[in-house]
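Please examine the sequence and the structure shown below. The report that follows describes selected parts of them in turn.

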Amino acid sequence: MVSTLGTPPSVKSVSPNQSLQPLTSRVNSQGHLEIGGCDVVELVRQFGSPLYILDEWTLRQACRLYRDTWARCYPGQSQVLYATKAWNCLAICALALQEGLGLDVASGGELYTALQAGARGEELYLHGNAKSAEELAMALEVGCTLVADSLYELQQVAALVTPERPARLLVRVNPGIDVHTHEYIRTGQTDSKFGIGQWQLPEVFDFLAAHPQLHCVGLHAHIGSQIFDLQGHRDLAGVLAQIWRQGLDRGLPLQELNVGGGLGIRYVESDDPPSIPEWVEAVATAVRQSFTAAGLPLPKVLCEPGRSVIGPAAVTAYTLGGQKRIPPSEDLPEGRLYVTIDGGMSDNPRPITYGARYTALLANRPEAEATQRVTVAGKHCESGDVLLKDVLLPNPAPGDVLVVLATGAYNYSMASNYNRFPRPAAVLVNQGEVQLILRRETYADLIRQDILPERLQR
Ligand code: PLP
């Protein structure tokens, strides 16, 4: 079912991944930042902080741009899957499904959540380079397509399938394509834990040909994440067309070509990613040209974006606490002003993990001139728990509401309970309405799985 949500007034008409702020952001009559028609300062008053705020319109718009651009510019069939690893919870899975997207899941837990959100087996694709026997059995049980990452996995699946429960699968190939992004989020280069190397494909194709109960319906590849250069995606289409030919020659019933995700988003002003339509047009053209040049019929194309779907749609709001001023010295000629927040690496581990950069503003005075250079420090016991380094804010003070932009992807999904911090709540905002989609964890939640042996009790 594709929803027909009307356009809210005064939304920006850019591709969400090129916008620093959610598309519905504006300054309201109180002079506060408003997202999805909701005053962010008021949301923090009502739900506390840190708080993830997800703008429904921006999320839906990204889904629609992917879906509609494929339909417009690719002559064959297409299907967009939302890569739920970017942010997987019931409401987000349900929203993506409502927009006609399928779901890419990367673990039994993500698969379980997607099913609980109402996904049907045929809408689901299970990834993972080390799937457990339980995860494979669970996927087979519900008719989810497996994206097989190794010969070992295929052997495991062959042992699990029965005539009543055949396997539908794609083979994940390693295309040997290196892209310019952080090494932790590069996945398509030869020296990667992901995908079957081209040297092993003949053996894998022979195995599949000998096991017809493993219905290998296509190929998959994913070259990395936060990618701005389209060339890697173009090269990928050429490599996949060659491998497709080899698979067909061995008699595999190939129909689906999954080209992965990877489109980058704007985190800071200087980021300049291609738009969602530009990405889809480039990939669609490359697939068409590569397959036509190789004399192959056009496959059904799948893609599985995560970051560019959910990343720009959410922000995280924090309340500012105390400050610490380091006076100027020889090593630090301008000194440094640390401002603290009530969250940090447990709700957003990307800065400490990848050195990721973000943009921030104050929700209670978004239009004030940003003249003060500050470093925003999280409250965790790690020196590296710094969310933003050397950013300009308008003279921040304790109690101000700091909003970090573009935190929808790989924030909640990578959040932890480090230092036994309860994970924040998340709200969905749309046209002035707010709905809680993730409850804030409580201290009681934190010890829910703890067991205190009797002999240790006092
Ligand atoms: N597909 C696979 C196999 C991935 O590993 C990832 C994430 O790295 C994605 C899709 C989504 O990538 P992105 O969030 O960059 O679109």
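## The ligand and its shell

The shell around the ligand consists of three nonpolar, seven polar and five charged residues. In this division, Ala, Val, Leu, Ile, Met, Phe, Trp, Tyr, Cys and Pro count as nonpolar, Asp, Glu, Lys and Arg as charged, and the others, Gly among them, as polar. The model is predicted: local features need pLDDT of at least 70, side-chain atom pairs count only at pLDDT 80 or more, and totals for chains, interfaces and linings use all residues. Residues are numbered from 1 along each chain as its sequence is written, and side-chain values use heavy atoms, with hydrogens and water left out.

Of the 15 residues around the ligand, the nearest are Ser225, Glu304, Gly306, Arg307 and Tyr410; a residue is near a molecule if one of its heavy atoms lies within 4 Å of it. Several polar contacts, meaning pairs of N or O atoms within 3.5 Å, can be listed; within protein, one atom must be able to donate a hydrogen and the other to accept it, and residues adjacent in sequence count only if both atoms are side-chain atoms. A side-chain N or O atom of aspartate 104 is 3.5 Å from a nitrogen atom of the ligand. For glutamate 304, the distance from a side-chain N or O atom to a nitrogen atom of the ligand is 2.7 Å. An oxygen atom of the ligand lies 2.6 Å from a polar side-chain atom of tyrosine 410. The protein buries 93% of the 390 Å² that the ligand exposes when taken alone; such areas come from the Shrake-Rupley method with a 1.4 Å probe, and for residues only the protein chains shown count as cover.

## Backbone exceptions

Most residues other than glycine have a negative phi, and most peptide bonds are trans. Serine 49 and proline 50, however, are joined by a cis peptide bond with an omega of about -5 degrees. Proline 50 belongs to the loop between helix 1 (40–47) and strand 4 (51–55). Helices (H or I, at least four residues) and strands (E, at least two) are DSSP runs, numbered from the N terminus.

Asparagine 419 is not a glycine, yet its phi is positive, at about 60 degrees. This asparagine 419 sits in the loop between strand 18 (401–404) and strand 19 (425–430). With 31% relative accessibility, asparagine 419 counts as partly exposed; buried means under 20% relative accessible area, exposed over 50%, and partly exposed in between (1.4 Å probe, protein chains only). Glutamine 431 also has a positive phi, near 50 degrees, and lies in the loop between strand 19 and strand 20 (433–438).

## Helix 6

Which residues of helix 6 are buried? In this helix (residues 151–160), they are Leu151, Glu153, Leu154, Gln156, Val157 and Ala158. The buried residues of helix 6 pack against helix 5 (133–142), strand 8 (145–148), strand 9 (167–172), helix 7 (201–210) and strand 10 (214–220). Alanine 159 is also part of helix 6, but it counts as exposed because its relative accessibility is 67%.

## Salt bridges

The model has 21 salt bridges, each defined as a side-chain nitrogen of Lys or Arg within 4 Å of a carboxyl oxygen of Asp or Glu. One of them joins aspartate 206 and arginine 250, with an N to O distance of 2.7 Å. Aspartate 206 lies in helix 7 and arginine 250 in the loop between helix 8 (231–249) and strand 11 (256–258), so the pair ties together parts that are 44 residues apart in sequence.

Another salt bridge links aspartate 450 to arginine 420, with the closest N and O atoms 3.0 Å apart. Because aspartate 450 lies in the segment after helix 12 (443–446) and arginine 420 in the loop between strand 18 and strand 19, this pair ties together parts that are 30 residues apart in sequence. Salt bridges that share partners also join Glu56, Arg60, Arg64, Arg67, Asp68 and Glu99 into one network. Within this group, arginine 67 and aspartate 68 meet through their side chains at 3.1 Å, N to O.

## Threonine 316

Not counting residues up to four places away in sequence, threonine 316 touches Pro50, Leu51, Tyr52, Asp347, Leu402, Val403, Val404, Thr407 and Asn411, where contact means heavy atoms within 4.5 Å.
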